[in-house]
Amino acid sequence: LQPGAPAAVKSYPPNAWGIYDMHGNVWEWCYDWYGFDYYGNSPVSQPMGPNKGSAKVIRGGAWNMDPWNCRISNRYNRSPKITYKYYGFRLVIPEG
């Protein structure tokens, strides 16, 4: 692995659910609109965020951050109009 750069897919072992690269490579853009207090009143299962908003949720941290900041529970918000080399998204394709 090259220090100071994103890692190739599957460079590290998967988590307990068999999912690779869940944190620390690039911030993951999420489908959810961001609501500062949304999770205080959201459904416990599959909270999707408010119906509209001005910022989307990003999760997970990026390769250029301190390790404490690279975790999937790390949640911030950014305007979907902003592009940045530390932001990405995840494609999920079921096996089989």
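Author: Two strands pair if DSSP finds at least two bridges between them. Strands themselves are DSSP runs of E with at least two residues, and helices are runs of H or I with at least four; both are numbered from the N terminus. In S2, Lys56 is the bridge partner of Trp33. This is a predicted model, in which local features need pLDDT of at least 70 and side-chain atom pairs count only at pLDDT 80 or more, while totals for chains, interfaces and linings use all residues. Residues are numbered from 1 along each chain as its sequence is written, and side-chain values use heavy atoms, with hydrogens and water left out.

Reader: What makes S1 and S2 a pair?

Author: S1 and strand S2 (residues 56-59) share three bridges, in the antiparallel sense. The definition asks for at least two, so the strands pair.

Reader: Which residue in S3 is the bridge partner of Lys56?

Author: The partner of Lys56 in S3 is Arg78. S2 and S3 are joined by four bridges, again in the antiparallel sense.

Reader: Why is the pairing of the sheet called mixed?

Author: The four strands form an open sheet in the order S3-S2-S1-S4. S1 and S2 pair in the antiparallel sense, whereas S1 and S4 pair in the parallel sense over two bridges. In that last pair, Glu28 stands opposite Gly88 in S4. Strands of a sheet pair through backbone hydrogen bonds, either parallel or antiparallel.

Reader: How many aromatic pairs does a search of the whole structure find?

Author: The search finds five. One of them joins Trp27 and Tyr76, with 5.3 Å from centre to centre and 75° between the planes.

Reader: Is Trp27 buried or exposed, and how do you know?

Author: Buried means under 20% relative accessible area, exposed over 50%, and partly exposed in between (1.4 Å probe, protein chains only). Trp27 has 7%, so this residue is buried. Tyr76, at 34%, counts as partly exposed.

Reader: What makes the pair of Trp29 and Tyr87 edge-to-face?

Author: The ring centres of Trp29 and Tyr87 are 5.2 Å apart and the planes are at 80°, so the pair is edge-to-face. Trp29 lies in strand S1 and Tyr87 in strand S4 (residues 87-88), so parts 58 residues apart in sequence are tied together. Trp29 has a relative accessible area of 21% and is partly exposed, while Tyr87, with 15%, is buried. Trp29, Trp63, Tyr84, Tyr86 and Tyr87 form one aromatic cluster.

Reader: How do you know that Lys56 lies over the face of Trp33?

Author: A charge sits over a ring if NZ of Lys or CZ of Arg is within 6 Å of the ring centre and within 35 degrees of the ring normal. Lys56 is at 4.2 Å from the ring centre of Trp33. Lys56 also lies over the face of Tyr31, at 5.1 Å from the ring centre.

Reader: Which residues make up the largest nonpolar core?

Author: That core has five residues in all: Trp27, Ile58, Ala62, Tyr86 and Tyr87. A nonpolar core is a set of buried Ala, Val, Leu, Ile, Met, Phe, Trp, Tyr and Cys residues joined through side-chain atoms within 4.5 Å. Of the 96 residues of the protein, 24% count as buried.

Conventions:
Rings of Phe, Tyr and Trp (its six-membered ring) pair if their centres lie within 6.5 Å; planes under 30 degrees apart count as stacked, over 60 as edge-to-face and the rest as tilted.
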